[in-house]
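The sequence and the model are shown first.

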Number of protein chains: 2
Amino acid sequence: MKMGSSSIAEYIKTCSEQLNRHLRQSFPSDWHIDPTLKEAMEYSLFAGGKRLRPILVLAAAEAAGGEADAAMPVACAIEMVHTYSLIHDDLPAMDDDDYRRGRPTNHKVFGDGMAILAGDALLTHAFFCAAQIAKDGRVPAERALAVIEELAMYAGARGMVGGQAADLKGKQGLTKLEDLESIHLRKTGDLIVFSLRAGGRIGGATDDQLAALERFGYDIGLAFQIQDDVLNVIGDEKKLGKPVKSDEKRNKATYPYFVGVEESKRSVERLTRRSKEAIERAGFPRPERLLEIADYLMKRDH
Amino acid sequence: MKMGSSSIAEYIKTCSEQLNRHLRQSFPSDWHIDPTLKEAMEYSLFAGGKRLRPILVLAAAEAAGGEADAAMPVACAIEMVHTYSLIHDDLPAMDDDDYRRGRPTNHKVFGDGMAILAGDALLTHAFFCAAQIAKDGRVPAERALAVIEELAMYAGARGMVGGQAADLKGKQGLTKLEDLESIHLRKTGDLIVFSLRAGGRIGGATDDQLAALERFGYDIGLAFQIQDDVLNVIGDEKKLGKPVKSDEKRNKATYPYFVGVEESKRSVERLTRRSKEAIERAGFPRPERLLEIADYLMKRDH
């Protein structure tokens, strides 16, 4: 990918298009897949997501001085994990959401059973994709194994799924901001941190640089989630593709619920500033895109 | 594991005990896991399963001339995948089962949402475990990656999950024995074949021996499933831990439904004989346990 001088919006668009091409070809052509299952998987995989996590994989690989192309299988993998988590999260047994990004949720179209299976299949296939990074010899097998191990760690019981379990239990009513932050860090932060560390590792980052990517990731992840909460209060329904003030109606514990909209906005700015400092100090050969993404996320309106 | 002269029942017992010890320690000790999530995962992981798949991993590693210990992380991984599939399969949106092995199913104890998450966490953690086989240097990283790739292939959309999707769609009524067999091959056969190929690969099997393990696996897998169907008609409720004739009551398409109990029994014998021939012809250094397991499965009454 040669896009050194393009704007961040163009960069994100180009990354997304390349990602979509790879996602469309992620099954080997000689595999027979049940057509309904495949349709259910692709319905959510191509539902207009922001592609934040895969873009972070690619940008982190570039920041560390590597080639974004080598990291593409992991970019596909993390988008599959993210997508599966949304499908399962929307189920009646979890958040019970009928719409996502303005379209009916997976289980509303394919039924609860097929939605569960589509999620299971996406999660499983993510590991197949991740295992491909060592295939052409660009990434050593040991490094590929480390990426797979971290994917399981950040996405599983210790990470994202653990955050969802805490969230599920917390639906009875969170009373402290710290508990909310702890859930956000795992539900959103862990996959973002994985994306950055995996990209960095593939690109040849040092241990110190991986640690900086981790700090950057938790900060922009939390900022991202707070921004989501803020937009749910003051955002534009058309741009968001979902009703605003839905959190309030459900009496959901959010950042604005605890500290108000203005203080929430200041937290987003503070976290974004701190996240960029971590990257700036870590001596990356090409940190520009990561820094631009942090600013871009802070300013988004959907 | 030194058990060259023990009976097959003793061998299975020893394997199961060693497996249980490893399963209990599968999370690194410094990981914080949500206690309810962990409880839900362990409730099903230690629910008295037969441990068929992990035992096949260990026996195949031995058959190929390797050490069973080196394959233990994959034995844990496949039992986690099998367990997650049962948890999700029992959900109201799928088979809607209240009991399994005489105990309430996961979602009856922990709720549908937590059961979905426990399954997701087990599936994810299986890949963490599988990635451990290269850790102590006994298995080369390239071989570990091949095992992970096959786990994703046999467990995912092309394999087990694909079989479950076809099964879910087929609930409206299967009309052909071939369709039933095709579902069995994927729902049960694929994980069994993975177990054998992974164990064989870790033990150093040749490509021809891996192919023989695959034929063996599909045959004993189908025999296993037919035997399950037969026991559902003529078995002992106490030994099975579940009501007999439940398939008939649900009007479920089974092997006996298509060809009758006697012909089903003959199929089990025929498949078992053929499965053993594949192993006998492949020149394994220590094939005995695999052959004994095939006979043991054919004669089981639960």
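**Basis of the description**

The model is predicted, so local features are given only at pLDDT of at least 70 and side-chain atom pairs only at pLDDT 80 or more, while totals for chains, interfaces and linings use all residues. Residues are numbered from 1 along each chain as its sequence is written, chains are lettered from A and ligands numbered from 1 in the order in which they are written, and side-chain values rest on heavy atoms, without hydrogens and water.

**Relation of the two chains**

Chain B is superposed on chain A by a rotation of 180° with 0.0 Å of shift along its axis, at an RMSD of 0.0 Å. The two copies are therefore related as by a two-fold rotation axis. The superposition is by least squares on the C-alpha atoms of residues with pLDDT of at least 70 in both copies. B:A141 is the residue of chain B that comes closest to the rotation axis, its C-alpha lying at 2.8 Å.

**The interface**

How many residues of chain B are in contact with chain A? There are 48 residues of chain B in contact with 48 residues of chain A, where contact means heavy atoms within 4.5 Å. Because 100% of the interface residues of chain B are also interface residues in chain A, the copies meet through the same surface.

The size of an interface is often expressed as the accessible area lost when the parts come together. Between chain B and chain A the buried area is about 4000 Å², and carbon and sulfur atoms give 75% of this area. Buried area is the accessible area (1.4 Å probe) that two parts lose on being put together, summed over both.

Eight residue pairs are in polar contact between chain B and chain A, both residues being at pLDDT 80 or more. A polar contact is a pair of N or O atoms within 3.5 Å; within protein, one must be able to donate a hydrogen and the other to accept it, and residues adjacent in sequence count only if both atoms are side-chain atoms. On the side of chain B that touches chain A, at least two residues each come from α2 (35-45), α4 (68-90), α6 (112-131), α7 (141-155) and α8 (160-170) of chain B. The most come from α6(B), with twelve residues. Helices (H or I, at least four residues) and strands (E, at least two) are DSSP runs, numbered from the N terminus.

In helix α8 (residues 160-170) of chain A, ten of the eleven residues are buried; buried means under 20% relative accessible area, exposed over 50%, and partly exposed in between (1.4 Å probe, protein chains only). Among the buried residues of α8(A) are A:M160, A:V161 and A:L168. The buried residues of α8(A) pack against α4 (68-90), α7 (141-155) and α9 (177-203) of chain A, together with α2 and α6 of chain B.

Helix α2 (residues 35-45) of chain A has buried residues including A:L37, A:M41 and A:L45. Against these residues pack several elements of chain A, including α1 (8-24) and α4, together with α8 of chain B. At the N-terminal end of α2(A), A:D34 forms a cap, with a side-chain oxygen 3.1 Å from the backbone nitrogen of A:T36.

**Salt bridges**

A salt bridge is a side-chain nitrogen of Lys or Arg within 4 Å of a carboxyl oxygen of Asp or Glu. Over all chains the structure holds 42 salt bridges, and the count between chain B and chain A is four. The table lists some of them.

| Residues | Closest N and O atoms |
|---|---|
| A:R266 and A:E263 | 3.2 Å |
| B:D90 and B:R100 | 2.7 Å |
| B:E214 and B:R197 | 3.0 Å |

A:R266 and A:E263 are three residues apart in helix α14 (residues 261-280) of chain A, which means a separation of about one helical turn. A:R266 is partly exposed at 43% relative accessibility, and A:E263 is partly exposed at 25%.

B:D90 and B:R100 form a salt bridge. B:D90 lies in helix α4 of chain B and B:R100 in strand β1 (residues 99-100) of chain B, so the pair ties together parts that are ten residues apart in sequence. B:D90 is buried at 4% relative accessibility, whereas B:R100 is partly exposed at 27%.

In chain A, salt bridges link A:E150, A:R197, A:R201 and A:E214 in a network.
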